[in-house]
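Subject: Structure handover

Hello,

Here is the structure you will be working with. Please open it alongside this message and follow along.

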Amino acid sequence: MSTPTGLGEPRGPWFVSPRIDPYGPPRVDVPEEQPAVARAARWRRTLLAGLAVVALSTVSGALAGGYVASGGDPPRPGASVAAQPSPTPAVANVPPDLVAAAATALPGVVSVQVRGNGGTAGGSGFAIDDKQHIITNDHILDAGSGDDVIVVAPDGRTFPAEVVGRDPGSDIAVLRVDPAANLTPLAIAAPGTTSVGEPVLAVGSPLGLSGTVTAGIVSALDREVRLGTGGRQKAVQTDASINPGNSGGPLVNARGEVVGVNTAIATLEGGGSIGIGFAIPIERAQQSADGIIGRGG
């Protein structure tokens, strides 16, 4: 019996999940073509009716809005209605705590570029200490098939990166760059503090667009998926948009603390992100990184 694909196999945000709808894409019925004269007459009637509805809706909406906002009696016919001030919209409709979280995380997130005989591969990573160690996904190095690794800092500076070590089983690798990079280490969330429903940000370089932030929530915890070469592992599921190039970047909470390492997504055939992404829990990623640093320096 063959093993179905999907849910993190192959590793990284470029795999295609099994087809969900066994009956194929929904049918789209195309209406029969009608004579041009009949179509024109129908559109004139539709346009006039639509304009009348829009005008009526606009006037009645303004009157009703003024009444509700004022909390007083409905306006008398012919009476003027004072315009109500519009509320100031939030920045991109994002809660202020997520704006602060993005500002906290971005200085420590980098783009990772790997060049080798197998071609080039790109992803993301983030600093974890003052020694400029960087956590990323092992499958990025594997896809590039080479040790020529370049890290692009948030300000655009590039640094050659040393591969400290790799752990294919957990899909974690650790890089190190020159102290001159002066990357800001990201705080790590305490074990057991991540909850389903809490807001999170996926930070990284999807499609090479460095410094990209997408927002969502923790959709599920302990979701079993195939990550790395170690078989099925428990992952953090999120609906924050994750795309090619996000691999290795951090999933952070509203306090700017890392709760996971973005690693894979589920997609429909031929599509990109559908709001089902997976991150390696930071506790396991940190344990793997500590082991690599202990062995490799």
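Below are notes on a barrel, the helices against its strands, and one glutamine. Please keep in mind that this is a predicted model.

The barrel
Six strands close into a barrel, and their order is E7-E8-E9-E12-E11-E10. The pairing is antiparallel. On average, neighbouring strands of this sheet are turned by 50 degrees against each other, direction ignored. As background, strands of a sheet pair through backbone hydrogen bonds, in either a parallel or an antiparallel way.

The helices
Helix H4 (residues 282-296) packs on the sheet, where it touches E9, strand E11 (258-265) and E12. The direction of H4 makes about 50 degrees with that of E12. Helix H2 (residues 96-105) lies across strand E7 (199-204), strand E8 (212-226) and strand E10 (250-253). H2 runs at about 30 degrees to E7.

Glutamine 233
Glutamine 233 is found in strand E9 (residues 232-238). Is this residue, glutamine 233, buried or exposed? Glutamine 233 has a relative accessible area of 10%, and the cut-off for buried is under 20%, so glutamine 233 counts as buried.

Apart from neighbours within four places in sequence, glutamine 233 is in contact with several residues, including Gly169, Ser170, Glu224 and Arg284. With arginine 284, the side chain of glutamine 233 makes a polar contact, side chain to side chain, at 3.0 Å.

Regards

Technical notes: Residues numbered from 1 in each chain as written. Predicted model: local features only at pLDDT ≥ 70, side-chain atom pairs only at ≥ 80, totals over all residues. Heavy atoms only, no water. Helix = DSSP H or I, 4+ residues; strand = E, 2+ residues; numbered from the N terminus. Buried < 20%, exposed > 50% of the residue type's maximum accessible area, 1.4 Å probe, protein only. Polar contact = N/O pair within 3.5 Å; in protein donor to acceptor, adjacent residues only side chain to side chain. Contact = heavy atoms within 4.5 Å. Pairing = 2+ DSSP bridges. Axes fitted to C-alpha atoms, helices over the stretch in contact; angles between N-to-C directions.
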